Amino acid sequence: MRKSFFISCLLAICLLFVTQRSLAWVSSEKENPAGIEGITNSQLSFQYTDLYGIGLNYYQTGFSMPLPGGFAFGLRSQKIIDREIYPGWNEDQLALSVAKKVTPSLAVGTRIRLDYVRSVESHFDATLDLGVLVKISSPFTVKFSAEDLFGSRQVANGQLEIGCEYAWQNISLELELNSRKQMCLGMEYKLVEQLLLRAGSNDGALNFGLGINSSSWQVNYRYRPHLLGDGHNIELVKSFQ
């Protein structure tokens with residue numbers, strides 16, 4: 001009994017990875033692995049990012065689905081290509097996520113990521129993320145995540161994050177702090193049922209975006225001004241009934 005519960009919790013810590021309905025989409029660009037435990041339909045997503053307009057592009061495809069027993073599953077592939085600064089450098093990433101709603105107020109999840117970088121010296125790496133969501137009250141949620149727990153990415157990217165989200169009527173607010181002393185803020189406002197307006201700050205770097213919803217489709221766009229150049233991100237999500 002204890003062993004099966006431990007395995008369930010370990011598998012459970014990871015799902016918001018594929019689609020993002022939370023404000024992290026516009027603020028921190030980080031997703032808590034426990035986040036998609038609340039999905040009710042299977043979803044397929046496609047995402048493209050032009051980072052700073054300097055030839056660094058991200059291509060992402062993801063799939064997520066609810067499972068029996070309060071579980072949810074996510075799979076994401078991502079390709080990063082650098083055409084300007086280090087031509088010939090690119091990175092392929094595959095992420096497997098599982099999340100579970102343990103109680104009505106507690107969700108846990110885990111995400112395993114595999115990376116293969118091709119450059120002058122190619123290498124393979126693997127790492128693990130963990131996440132927890134705790135719903136304190138109806139509008140207030142506390143989030144915790146630990147990213148890049150092992151592998152070569154741990155030195156460069158490993159960090160702890162804690163945050164909270166407050167959702168009230170048509171407005172959602174989010175705050176995140178991490179172990180590198182960075183702060184991320186986000187705000188989402190539902191102008192009408194089909195249109196969401198977003199704004200955020202990732203440690204001082206501003207983001208602006210919007211979301212357009214229909215019964216089975218969602219389009220998200222983010223604009224990120226920066227000294228290096230403007231960044232653009234667009235995501236298309238298809239939900240299956």
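**Salt bridges between strands**

Let's begin with Glu174, which is buried at a relative accessible area of 4% (buried means under 20%, exposed over 50%, partly exposed in between, with a 1.4 Å probe and protein chains only). Its partner is Lys143: the two side chains meet in a salt bridge, 3.1 Å from N to O (a side-chain nitrogen of Lys or Arg within 4 Å of a carboxyl oxygen of Asp or Glu). Lys143 lies in strand 7 (residues 140–147) and Glu174 in strand 9 (residues 171–178), so the pair ties together parts 31 residues apart in sequence. Strands here are DSSP runs of E with at least two residues, numbered from the N terminus. Lys143 is buried too, with a relative accessible area of 10%.

A word on the source: this is a predicted model, where local features need pLDDT of at least 70 and side-chain atom pairs count only at pLDDT 80 or more, while totals for chains, interfaces and linings use all residues. Residues are numbered from 1 along each chain as its sequence is written, and side-chain values use heavy atoms, leaving out hydrogens and water.

Next come Asp129 and Arg113, joined by a salt bridge of 3.0 Å, N to O. Asp129 sits in strand 6 (residues 123–135) and Arg113 in strand 5, 16 residues apart. Asp129 is buried at 0% relative accessibility, and Arg113 is buried at 6%.

Finally, Arg118 forms a salt bridge with Asp92, their closest N and O atoms being 2.6 Å apart. Arg118 is partly exposed at 28%, and Asp92 is partly exposed at 23%.

Definitions and conventions: Helices (H or I, at least four residues) and strands (E, at least two) are DSSP runs, numbered from the N terminus.
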